[in-house]
Amino acid sequence: MRRRAIEMPGFSHQNPVPVASVIGPHLFSGVLTGRDPVSREMPAGLDEQVRNVFDRIRELMAAAGGSLDDVIKVTFWVVDYRDREAINREWVAAFPVPELRPTRQVNATQLDGGALVHADVVAILEERA
């Protein structure tokens, strides 16, 4: 089988889909949310939700055998299109070297369950012998 599913303890979708799928070096995630993985509660504020999203990105990349260095694009969906301060703060912390940052896109959307942000990741995993 060419495709392999990536699952993460404490994080799953309500529908029968994995957290991410990998074919060869290509990783595409499903939606990553700001839900707390321990309490399973959605924090009320955007800052905490964005921190949780970035934690899920790090965990996903580790589960796939990669790191943030393998991320090539992150797409965010936010309720308030102009509210990017929390995303920018975590973005710069995760990717501190401007010349080495992946690309990103931010879209406005309507989210449910108290979510203020969703994200998905595209990564190219380093080929390992």
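Predicted model: local features only at pLDDT ≥ 70, side-chain atom pairs only at ≥ 80, totals over all residues.
1. Helix α1 covers residues 46–63, and its length is consistent with its residue count: at 1.5 Å a residue, its 18 residues should span 26 Å, and the C-alpha atoms at its ends lie 25 Å apart, which agrees. Just after α1, Gly65 adopts a positive phi of about 85°.

2. The buried residues of α1 are Leu46, Gln49, Val50, Asn52, Val53, Phe54, Arg56, Ile57, Leu60 and Met61. As background to reading such a list, an α-helix has 3.6 residues a turn, so residues three or four places apart point the same way.

3. The largest nonpolar core is made up of 32 residues, and those with the most contacts inside it are Leu27, Ile57, Phe76 and Val121. At least two residues of this core come from each of β2, α1, β5 (71–78), α2 (85–94) and β7 (117–124), while the largest share, 7 residues, is supplied by α1.

4. Ile57 deserves a separate look: when its neighbours within four places in sequence are left aside, Ile57 is in contact with Leu32, Leu68, Val74 and Val121.

5. Met8 is found in the loop between β1 (3–6) and β2 (20–23), yet Met8 counts as buried because its relative accessibility is 6%, under the 20% cut-off. With its neighbours within four places in sequence left aside, Met8 is in contact with Val19, Arg56, Glu59, Leu60 and Ala63. Met8 and Ala64, which are 56 residues apart in sequence, have C-alpha atoms 9.5 Å apart in space.

Definitions and conventions. Residues numbered from 1 in each chain as written. Heavy atoms only, no water. Helix = DSSP H or I, 4+ residues; strand = E, 2+ residues; numbered from the N terminus. Buried < 20%, exposed > 50% of the residue type's maximum accessible area, 1.4 Å probe, protein only. Contact = heavy atoms within 4.5 Å. Expected span 1.5 Å × (residues − 1). Core = buried A, V, L, I, M, F, W, Y, C linked by side-chain atoms within 4.5 Å.
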